[in-house]
Amino acid sequence: NDPTPTFDPNSPEPGVAYECRIDFGPYQACSDPYTPPGALADGLHTFEVRGIDGAGNIDPSPASHDFTVDTVAPTVTLTAPSGLTNDDTPMLNISIDDASPIATADCRIVPVGPTGTAVTVPCEDGASLPHLDDGTYQIYADPVIDAAGNASTTAGPIFDVDATGPTL
């Protein structure tokens with residue numbers, strides 16, 4: 001998730017100078033370590049480096065490394081009961097819009113008022129929540145982290161659980 005990654009060209013031959021390029025642009029003199037002069041856009045990139053020895057011989061087979069920059073945090077949509085429900089184990093629906101695989105995702109169900117107990121559950125679509133005491137709750141996806149390390153925190157809907165029947 002770093003748009004200005006650092007590369008460490010090295011050669012076993014002493015006194016070698018380096019030329020680097022990103023995405024098949026022109027080679028330019030570079031130092032060790034090398035960081036691109038500006039932020040790279042999200043997407044696939046190629047870093048290449050070649051050595052030039054003291055006699056002016058240029059490496060005929062530059063080292064090459066393909067990598068992907070991904071700086072966009074996942075977009076998370078949480079759906080739970082809206083308003084009042086008498087289901088004390090409601091269903092959680094989660095939608096994650098991200099090109100990268102999701103590395104971790106935890107959902108917290110937090111009481112909004114003085115009643116109820118906070119719980120943490122895996123953010124999985126269609127997951128049933130554990131028993132919730134009567135009260136008002138809000139769901140949070142906190143954090144959802146993709147494979148590139150981008151994190152997203154999302155607040156979901158507020159809902160009320162009233163699973164206790166009336167007394168006469």
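How many bridges join β1 to strand β3, and do these strands run parallel or antiparallel? Six bridges join β1 to β3 (residues 43–52), and the two run antiparallel.

Before we go on, some ground rules. This is a predicted model, in which local features need pLDDT of at least 70 and side-chain atom pairs count only at pLDDT 80 or more, while totals for chains, interfaces and linings use all residues. Residues are numbered from 1 along each chain as its sequence is written, and side-chain values use heavy atoms, leaving out hydrogens and water.

**The four-stranded sheet**

Strands here are DSSP runs (E, at least two residues), numbered from the N terminus, and two of them pair if DSSP finds at least two bridges between them. β1 and β3 belong to an open sheet of four strands with the order β2-β1-β3-β4 and antiparallel pairing. β2 and β4 (63–69) stand at the edges with a single partner strand each, so one side of each is left without a neighbour in the sheet. On average, neighbouring strands of this sheet are turned by 35 degrees against each other, direction ignored; the angles are taken between axes, which are lines fitted to C-alpha atoms, and run from 0 to 180 degrees between N-to-C directions.

**One disulfide**

A disulfide is a covalent bond between the sulfur atoms of two cysteines; here the test is a pair of cysteine sulfur atoms within 2.5 Å. The structure holds one: cysteine 20 and cysteine 30, with their sulfur atoms 2.0 Å apart. Cysteine 20 lies in strand β1 (residues 17–22) and cysteine 30 in strand β2 (residues 28–30), so the pair ties together parts that are ten residues apart in sequence. Both cysteine 20 and cysteine 30 are buried, meaning under 20% relative accessible area with a 1.4 Å probe, protein chains only.

**Aromatic rings**

Rings of Phe, Tyr and Trp (its six-membered ring) pair if their centres lie within 6.5 Å, and planes under 30 degrees apart count as stacked, over 60 as edge-to-face and the rest as tilted. By this rule there are four aromatic pairs, and two of the stacked ones share phenylalanine 47.

| Stacked pair | Centre to centre | Angle between planes |
|---|---|---|
| Phenylalanine 7 and phenylalanine 47 | 4.1 Å | 5 degrees |
| Tyrosine 34 and phenylalanine 47 | 5.6 Å | 20 degrees |

Phenylalanine 7 lies in the segment before β1 and phenylalanine 47 in strand β3, so their pair ties together parts that are 40 residues apart in sequence. Phe7, Tyr34, Phe47 and Phe67 form one aromatic cluster.

**The cores**

A nonpolar core is a set of buried Ala, Val, Leu, Ile, Met, Phe, Trp, Tyr and Cys residues joined through side-chain atoms within 4.5 Å. The largest one has 19 residues, and Ile109 and Phe159 are among those with the most contacts inside it. Its largest share, four residues, comes from β11. Apart from it lies another core, of twelve residues, including Tyr34 and Phe47. Counting contact as heavy atoms within 4.5 Å, and leaving aside neighbours within four places in sequence, isoleucine 109 touches residues including Val119, Leu132 and Phe159.

**Around β12**

Eight bridges join β11 to β12, and these strands run antiparallel. Strand β6 (residues 83–85), by contrast, runs parallel to β12, with three bridges. Which residue of β12 stands opposite leucine 84? It is aspartate 160, and threonine 136 also stands opposite aspartate 160.

Definitions and conventions. Buried means under 20% relative accessible area, exposed over 50%, partly exposed in between (1.4 Å probe, protein chains only).
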